[in-house]
Amino acid sequence: MLYRAADPATLRVVPLDALTLVYHRASGITHIVDAPVPEILAILAEGPRNVAGLLGVLVERFDLADPDPAALAVRLDELVGAGLVERTCAI
Amino acid sequence: MNPALLLARALRDPATIADLAASDWNALFAVARAEQLAGTLAHRIAGLPMPGAAAQLVADAITSAEQGRTAALWESEMARRALAALDVSVVLLKGTAYAAAGLSPSVGRVIGDLDILVPRARIDDVEAALLAAGWEWVKPDPYDDTYYRRWMHELPPLIHRDRDKMIDVHHTILPLTARIRPDATALLADSVALENGLRILNPQDMLCHAAAHLFADGDLAGGMRNLWDIHCLLGEFGFEGLPERAAHHGLGAAIRRAARQAARIYGTELPRDWQGWDALDPLFHRRLTARDQWGRSTRKATQLGFYVRSHVLRMPPTMLARHLWTKWRKGHRPA
Amino acid sequence: MDDPKPEEQPTRRRALMLGAASAAAIVSIRPALAQTSASVMHCEIPVTDPGRAGSYIAPDGRVVPARTAGAFPAPGRSFKAQDVKRALNGGTLPGTDPQASRAYTNYIRRLQRGTSGFTCFASLQMPRG
Amino acid sequence: MRHLTQLRIGPIGFRIGSHWRRPLAALDDLYRDYPAPHDGIADFNVHLFAARPWRRVLRPSVHIAGDFVIPDAAPLPLAQGLLAAEMGMNLQMALGLRRFLLLHASMVERNGRAVLMTGISGAGKSTLAALLMARGWRLMGDEFALIDCATGLAHAFPRLVSLKNEAVDVVAQALPGARFGPLLEGTPKGAIRHLVPDACAIAAMDVPAEPSLILFPRFGFEAAARPVLPSEAFVRLTQSSTNYVSLAERGFDALTRLVQSVPARAIDYPDAETAIAMVEALA
C-alpha cells in the first residue's frame, strides 16, 4: 500500500504559530494541522511511499521521539480521511 | 412580462437585458435564484453593459457557482476513492456528470447532491464501502427507509459526516414502481469512461435521464433548470439516434415533450418531425413558468395536480393511496 | 565568551512527535451552518460541555456547582437535534423528567458561539434575530 | 406581495415584500434616513407572507422567506413583524452573501481603526456596540462585519441594533436622545427593542475602516484579558462566519491576512462598564 499526497500546486500551506493552515484548492477545504502533518505532506510531495518508507525518511530528517509505524499509520488515516493523501496500490 | 419568461428570454438572448428597468432586474434575479439558475444567467450575461449593481450580482453568482463546482467535483473524487477497491462501474449523473465532462449545461450550474448509478447487484457493496468511508444515514424515518429500499430507484440518502454533502446511490433512473422501466443494464453497459475511471452516461442516455428527471420522475419543481440542461444537451449532441434510444427506455414521449418545451421556452432548434404542440403542452408550459416577481411559485392548483400526477406515474394506484395517507398523517403537504 | 559561532554547531535535527493515536492532528473547517436540513437533524448537542463534567444545571439553564439545591445533575450525554427541537417546542428530552428536561433545554438555549453544540443549536434556531 | 419597501444598509440593498402593511411601515419609519439600493437593484429579496390566505387576518402569523431559505423557519406573530423583517434580512446575509467575508461580530470605529467583537451570543455584543456608540465611537454594525477579501478592509453594516431584555433599559439610559422601535415582548429571544444607529453611523456607512483589533468578549466573569494566537483566532472566526467555506480561496486569503495582521484578545468582563473600559484601553 502506497500513500500519495495531493499535488503541492493544489495546496496553500501557511504556518501560523504552533499550528499550520492548509488550504486545499481541489476540495476548497481548509485544514488546521499540527505536526507531523506538514512534514508528512512535504515528504510525500517528493513521491508516493509506504508506511515503512515514510517512517524511514522521517527518522532520517527529524529527531523522531516515537518512531512507531502504528502511530504513523493513524496520522496517514487522518490524512486519507481529509483527502490530502490517497491510498494507491503498489505497482 | 411573466418573470419566468423574462428569465427565459435573458438566457436565450442575453442582449435583451439592455432594456431592463430596475424592477425587472429585481424580478429576474429573484426568479433565477428560485429556479437555481442564477449562476447560469450570470455566465450568459457577464460582460454585457448593465447597471453596476446588476454587475455585482453577476460577479457574486459566478463566484458562488465556481465554489459549488469545486465542491461537487471533489465529492465525486472522494466517492471514487471510497469505491476504488470494489472494481464496480460508477456512473456520475446529472450536474456532477456535466461538470466532470465539461458539458455546456455545467456552466454556472448549481450542483446539488452527488448522484451516482451503480449495478443493482453491487449496491450492498457500494453501501458498505461508503459507510466505511464516513458517509452516514440521514436519520432514516422507518417508513421512508422501508419505502426507499422496497420501491425506489435509489438507496435512502447518505450524508458525509465531515463534508456535510449528500450522496444518492441509484441503481436505475426511475423508481421500480413506475410504469416506465428504463433499461438500467444498458445505461451502465453503454456508459462512457472519464479519465479518472468514473463514468458518465452516453449522450442519448444522458438526454433520456434528463427528460425522465424533468417529467416522469418529479413534480416539475425547478423545471426551468432541468429544461435548460436539456436545451444545452440537445444543442451539444443533436438528435441522432435519440428517438430509438428513448423508445428503448420507454421514454420516447418524455424526450419529445421535453424537446418541445425547450424549443418553446429557450428556442432550441428542433428537426421538423420533432416540432408540434399537443393538447397537454400548454399545461406543462404554464407549470414550468409559474413564478411571480418574488420568485415564488404561483398557480397552486396546477401545482397540487402535478404533485399527485408525479406519484401516479411512479406507483400503482392502491400503493399511491397508502403512501399519501402515511405522508399526510405525518403533516407533509406539497409546498 | 567563547561560544561557538552558529555555523560551527553540529546540525541539530528538529524534534518531531507522531503523537498519540487518540489525538487528532487535523481539524477540517466545516460550513458554520449545516447545508441541509437533513444534517441539521443529524447533529447532537452535549449537555454539558465535556470540560464541565460533574456540574449541575440550574432550572434557568446556568451551569452551577455540583449539588446546588434545586439544580439537576448534568446528564453528561448528547441529545439528538430532533429531540432538542421537540423539547424546545414543549416536549421532554428522552430519558429525563420534565423539570430536568426544562433545565437542560434552557442550558441549550443559552449556548454561546464556540461552545460544543452551538452550531447544531444555531442551525435549529435559524433564522436568528 | 401587496406591500413593498427597499432600503440599503452599508453596501447591501434589500427589497422587502409583505402581505401586511404594518411591518413595512415600521421598517420605513426606523430606516427613514437610509438610502435606496444602488441603481434600485436589491442584492436580496425578503418576503413576509401568510401560509394560508385566511391567516392574513385570523391569528396572523408571519412566515419569513426570501431568495435564500431554510426549512422549518418558525413564523412569528404579526405584532413581531418588524423582527420578522430583520430576521429575513439577516438570513439572506447569512446564507447568500458572497461579496464579503461575513463575520458574526459587532464593530465600532475610531480614527479609521475598527474594533471587531465576536464570539458571544446574547451576552452583550450589541449592547457593547451601542454603549461604545454612546461614547462617540462610530457604530459599524451590531451583528455582521463585512471584510473585503481583496483589500482586507472592514465594511459597515449598521442595521438596527437589536437590544434584548435588560440591555433595552441600559442603552436607553446611555442614549436618551436616540430613536427606538416598539418594545417587542415574548419573542423567541425574550423582549427585543431596536435602536436606530446615530446620524454619524448612517452618514459614514459607506466608509470602510482598517481592522485593528479582534476581541472575543465573554460576559459573567471576573475582568481578564489574554492574547489569542492567530491559529485560535482563525478557527474561532471560521465558526463565526457563515460564508467562509463558500468563499473558497478568497475567504482563506482574507481570513489568513486578518489573523496575521490584527491582534486578537479574549476578554472576560463582569459588567458593561468594565467591558467598555477594557475595550477603550486595548483599542
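Biologist: Which residues in helix 10 of chain B meet helix 12 of chain B?

Modeller: On the helix 10 side of chain B you'll find B:Leu227, B:Trp228, B:Ile230, B:His231 and B:Leu234, and they meet B:Ala258, B:Ala259, B:Gln261, B:Ala262, B:Ile265 and B:Tyr266 in helix 12 of chain B. Keep in mind that this is a predicted model, where local features need pLDDT of at least 70, side-chain atom pairs count only at pLDDT 80 or more, and totals for chains, interfaces and linings use all residues. Residues are numbered from 1 along each chain as its sequence is written, while chains are lettered from A and ligands numbered from 1 in the order in which they are written.

Biologist: What makes helix 10 of chain B roughly perpendicular to helix 12 of chain B?

Modeller: Helix 10 (residues 223-237) and helix 12 (residues 252-266) of chain B pack at about 95°, with axes 9 Å apart. Angles under 35 degrees are called roughly parallel, over 145 roughly antiparallel, 65 to 115 roughly perpendicular, and the rest oblique. That's why helix 10 of chain B counts as roughly perpendicular to helix 12 of chain B. The axes are lines fitted to C-alpha atoms, for helices over the stretch in contact, and angles run from 0 to 180 degrees between N-to-C directions.

Biologist: How do the residues of that contact divide by class?

Modeller: Nine are nonpolar, two polar and none charged. Nonpolar means Ala, Val, Leu, Ile, Met, Phe, Trp, Tyr, Cys or Pro, charged means Asp, Glu, Lys or Arg, and the others, Gly among them, are polar.

Biologist: Over to chain C: how many of its residues are in contact with chain A?

Modeller: 14 residues of chain C are in contact with 25 residues of chain A; contact means C-beta atoms, placed from the backbone, within 7 Å. Strand 2 of chain C gives the largest share of that side, three residues. By class, the side of chain C that touches chain A has 10 nonpolar, two polar and two charged residues.

Biologist: What makes strand 4 of chain A and strand 2 of chain C a pair?

Modeller: Two strands pair if DSSP finds at least two bridges between them. Strand 4 (residues 29-33) of chain A and strand 2 of chain C have three bridges, in the antiparallel sense, so they pass. A:Ile32 stands opposite C:Val27 in strand 2 of chain C.

Biologist: Which elements does chain C hold?

Modeller: Chain C has four helices and seven strands. Helices (H or I, at least four residues) and strands (E, at least two) are DSSP runs, numbered from the N terminus.

Biologist: What share of chain C counts as buried?

Modeller: Of its 129 residues, 40% do. Buried means 20 or more other C-beta atoms within 10 Å of a residue's own, exposed 12 or fewer, partly exposed in between, with C-beta atoms placed from the backbone.

Biologist: Why do strand 11 and strand 12 of chain D stand at the edges of their sheet?

Modeller: This open sheet of chain D runs 11-13-12, with antiparallel pairing. Strand 11 (161-164) and strand 12 (184-187) of chain D each have a single partner strand, so one side of each lacks a neighbour in the sheet. Neighbouring strands of this sheet are turned by 35° against each other on average, direction ignored.

Biologist: How do you know that strand 12 and strand 13 of chain D pair?

Modeller: Strand 12 and strand 13 (residues 190-195) of chain D share two bridges in the antiparallel sense. D:Leu184 stands opposite D:Ile192 in strand 13 of chain D.

Terms used: Contact = placed C-beta atoms within 7 Å.
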